[in-house]
Amino acid sequence: MPDSALYDVSLRIAYEFEHPAAANRTILRVQPLTRGTQQLVTGLVSTAPAHDYRRDGTDFFGNATTEIAFDLPLDRIEFRFAGRVRTGAGDSVLDLSGDLS
């Protein structure tokens with residue numbers, strides 16, 4: 001990709017519950033899309049504590065999904081994403097933006 005740039009991206013979402021939450025199941029949509037001039041080079045979705053069940057997929061709109069579940073009650077949970085995204089001028093995109101100088 002000509003004139004491309006790499007970006008390291010990270011996200012952390014943490015919750016604390018006043019009372020333990022039982023039978024937790026969550027669907028995460030936290031990964032950047034690969035579309036147009038943006039490409040997800042690498043990405044990792046993780047949780048703390050570690051999940052008991054995980055299934056990765058794609059939703060109706062093309063977003064990456066990570067479905068996770070926990071068997072034991074939780075008083076806190078943390079979702080994390082770490083990845084690298086490449087952006088740049090693509091050949092198929094018409095850029096109508098003005099010059100910045």
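Contact here means heavy atoms within 4.5 Å, and the legends below all refer to a predicted model.

**View 1. The contacts of F79.** Leaving aside neighbours within four places in sequence, F79 is in contact with L11, R12, I13, Y15, T26, L28, S46, T47 and I68.

View 2. In soluble globular proteins, nonpolar side chains tend to be buried together.

View 3. T26 is found in strand β2, which covers residues 25-28, and its side chain makes a polar contact of 3.0 Å with the side chain of N24. When residues up to four places away in sequence are not counted, T26 touches T66, E67, I68 and F79.

**View 4. The open sheet of three strands.** The strands of this open sheet follow the order β2-β5-β4, and their pairing is antiparallel. Because β2 and β4 (53-58) stand at the edges, each with a single partner strand, one side of each is left without a neighbour in the sheet. From one strand to the next, the twist averages 15°. The antiparallel pairing of β4 with strand β5 (residues 64-69) extends over six bridges, and G57 stands opposite T65 in β5.

View 5. E67 lies in strand β5 and counts as buried because its relative accessible area is 10%, which is to be read against a limit of under 20% for burial. Not counting residues up to four places away in sequence, E67 touches R25, T26, I27, Y53, R54 and R55. With one of these residues, R25, the contact includes a polar one between the two side chains, at 2.8 Å. E18, by comparison, is 49 residues from E67 along the chain, and the C-alpha atoms of the two are separated by 24 Å.

**View 6. The exposed residue A22 in a loop.** A22 has its place in the loop between β1 (5-21) and β2. The relative accessibility of A22 is 57%, so the residue counts as exposed, the cut-off for that class being over 50%. Computed along the sequence, A22 and G43 are 21 residues apart, while from C-alpha to C-alpha they are 29 Å apart in space.

Conventions: Residues numbered from 1 in each chain as written. Predicted model: local features only at pLDDT ≥ 70, side-chain atom pairs only at ≥ 80, totals over all residues. Heavy atoms only, no water. Helix = DSSP H or I, 4+ residues; strand = E, 2+ residues; numbered from the N terminus. Polar contact = N/O pair within 3.5 Å; in protein donor to acceptor, adjacent residues only side chain to side chain. Pairing = 2+ DSSP bridges. Axes fitted to C-alpha atoms, helices over the stretch in contact; angles between N-to-C directions. Buried < 20%, exposed > 50% of the residue type's maximum accessible area, 1.4 Å probe, protein only.
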